[in-house]
Amino acid sequence: MKVIIVGCGRVGRTLAEKLNGDGNAVTVVDMLPSKVNEITGQIDVMGVVGSGATHTTLIEAGIKNADLFIAVTNSDELNLLCCMVAKKEGNCQTIARLKNPQYSDEAEYLRRELGLAMVINPEYAAAQEIARVLQFPSAIKIEPFAKGHVELIKFRLPKDSALIGSSVKDIIMKYRANVLVCTVERGEEAYIANGDFVFAEKDVVSIVASAKNAHDFFAKIKRKGHSIKNVLVAGGGTITHYLCEILQKSGISLKIVEKDEKICEDLAADFPKLNIIHGKPSDKELLLEEGVKQAGAFVALSNLDEENILLSLFARDVNDGKIITKINRTDYDSVIRRLDLDTVITPKNVTADSILRYVRSTKNAKGSNIETLYNIIEDKVEATEFIVKENAPLINIPLSQLKFKENVLVASIVRDGDVIIPRGNDVILSGDSVIVVTKTVGLSDISDVLR
């Protein structure tokens with residue numbers, strides 16, 4: 001596909017990398033030459049300097065032949081205007097980023113009235129991910145599939161874990177667990193686990209299961225954990241606003257520390273029952289005074305990655321509860337993984353997954369549609385949910401008889417709301433929702449899993 005991306009910030013750059021890596025012809029647009037030059041110098045994409053809302057710039061970027069136009073500048077209004085001009089000048093699908101909470105209730109209306117293919121909100125998606133983890137603190141990450149019928153849950157094995165030294169098949173037999181172990185991260189290595197794989201301390205394990213079966217499994221391995229009652233949040237920005245919206249009826253108490261007085265006033269006006277503290281989140285004494293030691297969870301959501309990392313490390317030093325850290329940059333992923341930060345949230349990756357799912361769905365037309373896409377291990381392992389069509393080449397054939405590519409795992413089949421953890425005799429039928437975990441990143445059709 002020919003894709004134009006307006007806005008060369010963090011989200012725009014991530015999209016350019018991933019869409020280019022998927023084999024799309026990408027052109028980036030930004031008013032700052034330095035940003036355009038930086039991206040085009042490091043990624044094999046075209047670049048145009050100018051405003052994405054002007055006819056001249058879009059013509060130069062190739063809007064007449066574009067298949068997809070994505071506006072991800074820091075201005076919601078500019079993104080909408082860019083999409084309107086793109087629709088007028090070209091014959092392409094348009095996607096706009098809208099991050100301001102004032103538009104959250106209007107997103108579907110704007111999408112429909114302006115003819116947008118999608119409205120994306122990285123901040124809201126990040127808040128949803130944080131809320132899921134707060135409500136199931138044993139997990140590092142939780143990704144819902146099949147409209148919530150199935151969850152992909154990632155967790156780390158502590159040194160006293162009952163799983164250490166046991167193989168996958170031993171654990172499934174011992175605990176009679178109706179879950180499927182998908183992947184294991186060990187240091188820099190990523191594995192799709194087979195039955196003989198043996199767990200070690202600090203392994204990061206991903207399983208697929210229904211919510212009920214996952215809870216049962218964690219209870220059996222004594223990792224159920226205590227439900228979180230109170231959360232201390234450092235930073236009161238947009239993600240925090242959305243988090244307050246999501247959790248206000250959950251019974252979880254939030255206390256927020258924010259240095260900007262205006263943001264504190266806005267949060268207090270929108271959420272009068274919350275405890276809003278005006279002060280620097282980086283103030284160690286203030287955090288201790290506000291109960292960082294006693295908090296069920298600590299969430300670092302300041303605008304600075306470095307500050308969030310240091311705050312989380314401090315919280316980990318004084319608190320045994322859940323620690324969640326927002327990090328925008330991923331340049332130092334390998335270093336960050338060694339810091340043992342518990343849950344790390346990266347908003348731009350959530351956005352990139354959403355758009356990649358849309359692009360792959362529109363490119364494929366044969367045996368399936370992509371419903372959900374999630375990077376289990378960045379650029380190494382993906383989980384993709386396919387809705388299977390009648391003409392898919394693998395329907396009505398036992399899984400044991402299909403010739404799958406190497407490092408491909410059918411992790412779950414959802415049929416009429418029932419979750420099937422697949423075995424060799426199970427078959428895929430038309431209309432099934434099938435979750436595939438694979439090291440072959442970039443799948444666009446269910447048939448791509450076959451040799």
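Tutor: Start with residue classes: Ala, Val, Leu, Ile, Met, Phe, Trp, Tyr, Cys and Pro count as nonpolar, Asp, Glu, Lys and Arg as charged, and the others, Gly among them, as polar. This is a predicted model, where local features need pLDDT of at least 70, side-chain atom pairs count only at pLDDT 80 or more, and totals for chains, interfaces and linings use all residues. Residues are numbered from 1 along each chain as its sequence is written, and side-chain values use heavy atoms, without hydrogens or water.

Student: How do the lining residues of the second largest pocket divide?

Tutor: Nine are nonpolar, eight polar and 14 charged. The lining has 31 residues; Arg156, Pro158, Arg223, Arg316 and Asp320 lie nearest the centre of the pocket. Its volume is about 890 Å³, the space filled by probe spheres set on grid points joined across faces, edges and corners.

Student: What makes a space a pocket?

Tutor: On a 1 Å grid over the protein atoms alone, a pocket is an open set of points with protein on both sides within 12 Å along at least five of seven lines; lining residues have an atom within 4 Å of a point.

Student: Where does glutamate 143 sit?

Tutor: In strand β7, residues 141–145. Strands (E, at least two residues) and helices (H or I, at least four) are DSSP runs, numbered from the N terminus.

Student: What makes β7 an edge strand?

Tutor: Its open, antiparallel sheet of five strands has the order β7-β8-β11-β9-β10. β7 and β10 (189–192) each pair on one side only. Pairing takes at least two DSSP bridges. β9 (residues 180–186) and β10 have four, so the pair qualifies. In one of these, glutamate 185 partners alanine 190 in β10.

Student: What is the order of the parallel sheet?

Tutor: Six strands, in the order β3-β2-β1-β4-β5-β6, form this open sheet. Its edges are β3 (46–49) and β6 (118–120). β1 (residues 2–6) and β4 (residues 68–71) share four bridges, and isoleucine 5 has isoleucine 70 in β4 as its bridge partner.

Student: Why is helix α9 called largely enclosed?

Tutor: Seven of its 10 residues (238–247) are buried, so the rest of the structure largely encloses α9. Among them are Ile239, His241 and Leu247.

How values were computed
On a 1 Å grid over the protein atoms alone, a cavity is a set of points where a 1.4 Å probe fits but cannot get out, and a pocket is an open set with protein on both sides within 12 Å along at least five of seven lines; lining residues have an atom within 4 Å of a point. Buried means under 20% relative accessible area, exposed over 50%, partly exposed in between (1.4 Å probe, protein chains only).
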